[in-house]
Amino acid sequence: MRRRDWLGSTAGASLWLAGCAGSTPPTRWYELRNDLPTGVVAPPSAPGDGSVWEVSNDLGLPGALDRDTLMLASGAATLLPLAGHRWSEPLRDSIPRLLVRDLGSLRGPGLVWAAPAPADVPVARRLRVELSMLQAGNDRRTLRLQARWWLVDSRFRPAAVRTAEAARAAPPAGPDPAPTRAGNVDLEVAVGGGSVDALAGAHRLALWQLAERIAGTP
């Protein structure tokens, strides 16, 4: 091959490789911030019993959400990853953090702690949350959140020991379970504009609304 032809081929290959590299969009990162969602103003702390809650870091999360790429739901069972759009913090970490922040705003200062709470904090209830859905449809119009939660009374103590006669007559089957309050929610929030940034913002609003429902657990 003549030198001129070789140089031409090399230059063409370089341009082709540069074109391929240029076709890959840069990664965009999104975060769920501690700030309240846009347009939300925290109400005065609701009157309650003043009990202290501890929020478990053990968040129940389906595999589709336990990853850093933003996902969309499509059809009967399809998941569409949004290539190049990623969470800066895993949802497994950011959601418990935001629940502590939002529940603290709703219940009052010093009443909500991330697990483990300091040893001198008198925790009355321990909260565990499980999400089964936190996704928008392919049209990016609404984001759907489905979740369950459990509030276990950590102050519970088993009933007093029975007398020897009663124990012989009817041996106890085992320790009494701790009283638990449970709830569930299935809600939708609008994704204004349909952009990926708006989609991330809808995640934040949905988590605020989840905290509102949990705070209202009777």
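Tutor: Let's start inside: the largest cavity has a volume of about 60 Å³. Keep in mind that this is a predicted model.

Student: Okay, and how many cavities of 30 Å³ or more are there?
Tutor: The count comes to 1 cavity at that cut-off.

Student: Which residues line the largest cavity?
Tutor: The lining is made by Ala 64, Leu 65, Arg 67, Thr 69, Leu 70, Met 71, Trp 87, Leu 91, Leu 134, Gln 135 and His 203. Sorted by class, that gives 7 nonpolar, 3 polar and 1 charged residues.

Student: Which strands supply at least two residues each to that lining?
Tutor: Those are strand S3, residues 69–74, and strand S6, residues 123–137. The largest share comes from S3, with 3 residues.

Student: Now pockets. What volume does the largest one have?
Tutor: The largest pocket comes out at about 400 Å³. Its lining has 15 residues, and Glu 31, Arg 33, Thr 38, Gly 201 and Arg 204 lie nearest the centre.

Student: And what's the lining of the largest pocket like by class?
Tutor: There are 8 nonpolar, 2 polar and 5 charged residues in it.

Student: Which element gives the largest share of that pocket lining?
Tutor: Helix H4 does, with 6 residues. H4 covers residues 196–215, and strand S1, residues 28–30, also supplies at least two lining residues.

Student: Let me zoom out. How many helices and strands are in the chain?
Tutor: You'll find 4 helices and 8 strands. Reading from the N terminus, the order is α-β-β-β-β-α-β-β-β-α-β-α.

Student: What share of the residues counts as buried?
Tutor: Of the chain's 218 residues, 33% are buried.

Student: What about contacts between residues at least 6 apart in sequence?
Tutor: Within that set, 76% join residues at least 24 apart.

Student: Switching to charges: how many salt bridges does a search of the whole structure find?
Tutor: It finds 10 salt bridges. As background, side chains of opposite charge can pair when their charged atoms come close.

Student: Which residue does Arg 97 form a salt bridge with?
Tutor: Its partner is Glu 89, with the closest N and O atoms 2.7 Å apart. Arg 97 is partly exposed at 27% relative accessible area, and Glu 89 is partly exposed as well, at 26%.

Student: What about Arg 125, which side chain does that one meet in a salt bridge?
Tutor: Arg 125 meets Asp 153, at 4.0 Å from N to O. Arg 125 sits in strand S6 and Asp 153 in strand S7, residues 142–153, so this pair ties together parts that are 28 residues apart in sequence.

Student: Is Arg 125 buried or exposed?
Tutor: Buried: Arg 125 has a relative accessible area of 5%. Asp 153 counts as buried too, at 13%.

Student: And Glu 130 with Arg 148, what's the N to O distance there?
Tutor: That salt bridge has a distance of 2.5 Å. Glu 130 is in strand S6 and Arg 148 in strand S7, so the pair ties together parts 18 residues apart in sequence.

Student: How accessible are those two?
Tutor: Glu 130 is partly exposed at 26% relative accessibility, and Arg 148 is partly exposed at 41%.

Methods: Residues numbered from 1 in each chain as written. Predicted model: local features only at pLDDT ≥ 70, side-chain atom pairs only at ≥ 80, totals over all residues. Heavy atoms only, no water. 1 Å grid on protein atoms, 1.4 Å probe; cavity = no way out; pocket = protein on both sides within 12 Å on 5 of 7 lines; lining within 4 Å. Points joined across faces, edges and corners; volume = space filled by probe spheres on them. Nonpolar A, V, L, I, M, F, W, Y, C, P; charged D, E, K, R; others polar. Buried < 20%, exposed > 50% of the residue type's maximum accessible area, 1.4 Å probe, protein only. Contact = heavy atoms within 4.5 Å.
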